[in-house]
Amino acid sequence: MKRIQWEPLIVSLLISLGAGALASILTADSMKQYMQMYKPPLSPPGVIFPIVWTILFTLMGIASYLIYLSPSEDKKPALTVYLIQLVVNVLWSVIFFRFDAYLLAFAWLVFLWYLIFITIKQFYPINKTAAILMLPYLAWVTFAGYLNLAIAIHYV
(Lines give C-alpha, C1' and ligand atoms only; values in the text may rest on other atoms or scores of the structure.)
Protein backbone atom coordinates (compact mmCIF):
# COMPACT_ATOMS: atom_id res chain seq x y z
CA MET A 1 0.00 0.00 0.00
CA LYS A 2 1.26 3.45 -0.88
CA ARG A 3 1.93 6.07 1.72
CA ILE A 4 -0.69 8.77 2.15
CA GLN A 5 0.35 12.10 0.71
CA TRP A 6 -1.29 14.37 3.24
CA GLU A 7 -1.06 17.72 1.48
CA PRO A 8 -2.86 16.61 -1.72
CA LEU A 9 -5.39 14.66 0.37
CA ILE A 10 -6.18 17.68 2.54
CA VAL A 11 -6.44 19.97 -0.50
CA SER A 12 -8.74 17.47 -2.23
CA LEU A 13 -10.95 17.25 0.84
CA LEU A 14 -10.99 21.03 1.29
CA ILE A 15 -12.10 21.49 -2.32
CA SER A 16 -14.95 18.99 -2.09
CA LEU A 17 -16.06 19.85 1.44
CA GLY A 18 -15.61 23.53 0.58
CA ALA A 19 -18.13 23.12 -2.25
CA GLY A 20 -20.56 21.64 0.24
CA ALA A 21 -19.89 24.42 2.74
CA LEU A 22 -20.42 27.05 0.04
CA ALA A 23 -23.75 25.50 -0.93
CA SER A 24 -24.72 25.47 2.74
CA ILE A 25 -23.78 29.14 3.18
CA LEU A 26 -25.63 30.19 0.02
CA THR A 27 -28.76 28.37 1.19
CA ALA A 28 -28.49 29.00 4.93
CA ASP A 29 -32.21 28.69 5.64
CA SER A 30 -32.77 25.68 3.38
CA MET A 31 -33.61 23.23 6.17
CA LYS A 32 -36.29 25.56 7.53
CA GLN A 33 -37.65 25.87 4.00
CA TYR A 34 -37.49 22.08 3.51
CA MET A 35 -39.50 21.52 6.69
CA GLN A 36 -42.31 23.73 5.36
CA MET A 37 -42.52 22.39 1.82
CA TYR A 38 -44.39 19.44 0.36
CA LYS A 39 -42.47 16.20 0.79
CA PRO A 40 -43.16 13.15 -1.37
CA PRO A 41 -43.15 9.62 0.03
CA LEU A 42 -39.69 8.39 1.12
CA SER A 43 -38.55 11.93 1.94
CA PRO A 44 -35.95 11.75 4.68
CA PRO A 45 -36.04 14.04 7.70
CA GLY A 46 -34.09 17.25 7.20
CA VAL A 47 -31.38 16.22 9.67
CA ILE A 48 -30.27 13.45 7.26
CA PHE A 49 -29.17 15.82 4.47
CA PRO A 50 -26.11 17.42 6.10
CA ILE A 51 -24.92 14.02 7.31
CA VAL A 52 -25.27 12.37 3.90
CA TRP A 53 -23.75 15.31 2.04
CA THR A 54 -20.75 15.44 4.37
CA ILE A 55 -20.11 11.76 3.75
CA LEU A 56 -20.55 12.18 -0.01
CA PHE A 57 -18.26 15.23 -0.24
CA THR A 58 -15.65 13.33 1.79
CA LEU A 59 -15.86 10.36 -0.58
CA MET A 60 -15.59 12.73 -3.56
CA GLY A 61 -12.52 14.35 -2.05
CA ILE A 62 -10.83 11.00 -1.55
CA ALA A 63 -11.75 9.97 -5.10
CA SER A 64 -10.27 13.16 -6.56
CA TYR A 65 -7.13 12.65 -4.45
CA LEU A 66 -6.68 9.16 -5.91
CA ILE A 67 -7.04 10.56 -9.42
CA TYR A 68 -4.65 13.42 -8.67
CA LEU A 69 -1.96 10.95 -7.55
CA SER A 70 -2.30 8.90 -10.70
CA PRO A 71 0.44 9.11 -13.33
CA SER A 72 -2.26 8.86 -16.02
CA GLU A 73 -2.27 11.48 -18.76
CA ASP A 74 -6.07 11.41 -18.55
CA LYS A 75 -6.23 12.73 -15.00
CA LYS A 76 -6.39 16.42 -15.98
CA PRO A 77 -9.55 16.14 -18.11
CA ALA A 78 -11.11 13.82 -15.51
CA LEU A 79 -10.41 16.30 -12.70
CA THR A 80 -11.72 19.13 -14.86
CA VAL A 81 -15.09 17.40 -15.26
CA TYR A 82 -15.02 16.61 -11.54
CA LEU A 83 -14.55 20.30 -10.68
CA ILE A 84 -17.28 21.34 -13.12
CA GLN A 85 -19.75 18.95 -11.49
CA LEU A 86 -18.87 20.40 -8.07
CA VAL A 87 -19.80 23.86 -9.35
CA VAL A 88 -23.01 22.52 -10.89
CA ASN A 89 -23.80 20.85 -7.57
CA VAL A 90 -23.46 24.12 -5.65
CA LEU A 91 -25.61 25.94 -8.20
CA TRP A 92 -28.38 23.35 -7.91
CA SER A 93 -28.83 24.32 -4.25
CA VAL A 94 -29.16 27.97 -5.21
CA ILE A 95 -31.65 27.25 -8.02
CA PHE A 96 -33.77 25.03 -5.79
CA PHE A 97 -33.68 26.88 -2.46
CA ARG A 98 -32.97 30.52 -3.36
CA PHE A 99 -34.99 30.83 -6.56
CA ASP A 100 -37.65 28.20 -5.75
CA ALA A 101 -37.31 27.20 -9.41
CA TYR A 102 -38.10 23.54 -8.80
CA LEU A 103 -38.57 22.46 -12.41
CA LEU A 104 -35.41 24.27 -13.53
CA ALA A 105 -33.63 22.72 -10.53
CA PHE A 106 -34.74 19.28 -11.70
CA ALA A 107 -33.37 19.90 -15.20
CA TRP A 108 -30.15 21.17 -13.61
CA LEU A 109 -30.02 18.04 -11.46
CA VAL A 110 -30.31 15.86 -14.56
CA PHE A 111 -27.32 17.78 -15.95
CA LEU A 112 -25.47 17.21 -12.65
CA TRP A 113 -26.31 13.48 -12.80
CA TYR A 114 -24.87 13.32 -16.32
CA LEU A 115 -21.67 15.09 -15.21
CA ILE A 116 -21.29 12.70 -12.26
CA PHE A 117 -21.75 9.76 -14.63
CA ILE A 118 -19.09 11.18 -16.98
CA THR A 119 -16.77 11.75 -14.01
CA ILE A 120 -17.17 8.14 -12.94
CA LYS A 121 -16.63 6.97 -16.50
CA GLN A 122 -13.42 9.03 -16.74
CA PHE A 123 -12.20 8.00 -13.27
CA TYR A 124 -12.70 4.26 -13.85
CA PRO A 125 -9.78 3.58 -16.23
CA ILE A 126 -7.50 5.80 -14.12
CA ASN A 127 -8.41 4.40 -10.69
CA LYS A 128 -11.27 1.95 -10.14
CA THR A 129 -11.46 2.74 -6.42
CA ALA A 130 -11.97 6.44 -7.20
CA ALA A 131 -14.81 5.58 -9.58
CA ILE A 132 -16.43 3.31 -6.98
CA LEU A 133 -16.19 6.06 -4.35
CA MET A 134 -18.33 8.26 -6.63
CA LEU A 135 -21.16 5.71 -6.92
CA PRO A 136 -22.94 6.62 -3.65
CA TYR A 137 -23.01 10.24 -4.87
CA LEU A 138 -24.63 9.17 -8.14
CA ALA A 139 -27.17 7.09 -6.22
CA TRP A 140 -27.99 9.98 -3.86
CA VAL A 141 -28.39 12.45 -6.74
CA THR A 142 -30.71 9.92 -8.42
CA PHE A 143 -32.80 9.86 -5.24
CA ALA A 144 -32.62 13.66 -5.04
CA GLY A 145 -33.95 13.74 -8.60
CA TYR A 146 -37.02 11.80 -7.49
CA LEU A 147 -37.58 14.22 -4.59
CA ASN A 148 -36.95 17.29 -6.75
CA LEU A 149 -39.30 16.16 -9.52
CA ALA A 150 -42.07 15.26 -7.08
CA ILE A 151 -41.76 18.68 -5.45
CA ALA A 152 -41.69 20.42 -8.83
CA ILE A 153 -44.85 18.61 -9.96
CA HIS A 154 -46.59 19.41 -6.69
CA TYR A 155 -45.95 23.16 -7.01
CA VAL A 156 -46.81 23.46 -10.72
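Me: What's the volume of the second largest pocket here?
Reply: About 330 Å³. A pocket is an open set of points on a 1 Å grid over the protein atoms alone, with protein on both sides within 12 Å along at least five of seven lines. Grid points are joined across faces, edges and corners, and the volume is the space filled by probe spheres set on the points. Keep in mind that this is a predicted model, where local features need pLDDT of at least 70, side-chain atom pairs count only at pLDDT 80 or more, and totals for chains, interfaces and linings use all residues. Residues are numbered from 1 along each chain as its sequence is written, and side-chain values use heavy atoms, with hydrogens and water left out.

Me: How does the lining of the second largest pocket split by class?
Reply: There are 9 nonpolar, 2 polar and 2 charged residues. Ala, Val, Leu, Ile, Met, Phe, Trp, Tyr, Cys and Pro count as nonpolar, Asp, Glu, Lys and Arg as charged, and the others, Gly among them, as polar.

Me: Now the largest pocket, what's its volume?
Reply: About 540 Å³. Of its 25 lining residues, M31, F49, W53, S93 and F97 are the closest to the centre. By class, that lining has 17 nonpolar, 8 polar and no charged residues.

Me: What lines the cavity?
Reply: W53, N89, W92, L109, L112, V141 and A144. That makes 6 nonpolar, 1 polar and no charged residues.

Me: Switching topic, what's the phi of L42?
Reply: It's positive, about 75°, although L42 is not a glycine. Most residues other than glycine have a negative phi.

Me: Where is L42, then? And is it buried or exposed?
Reply: L42 sits in the loop between helix 2 and helix 3. It counts as exposed because its relative accessibility is 68%; exposed means over 50%, buried under 20% and partly exposed in between, using a 1.4 Å probe and protein chains only.

Me: What about D100, where is that?
Reply: In the loop between helix 4 and helix 5. D100 also has a positive phi, about 50°, and is partly exposed at 40% relative accessible area.

Methods
On a 1 Å grid over the protein atoms alone, a cavity is a set of points where a 1.4 Å probe fits but cannot get out, and a pocket is an open set with protein on both sides within 12 Å along at least five of seven lines; lining residues have an atom within 4 Å of a point. Helices (H or I, at least four residues) and strands (E, at least two) are DSSP runs, numbered from the N terminus.
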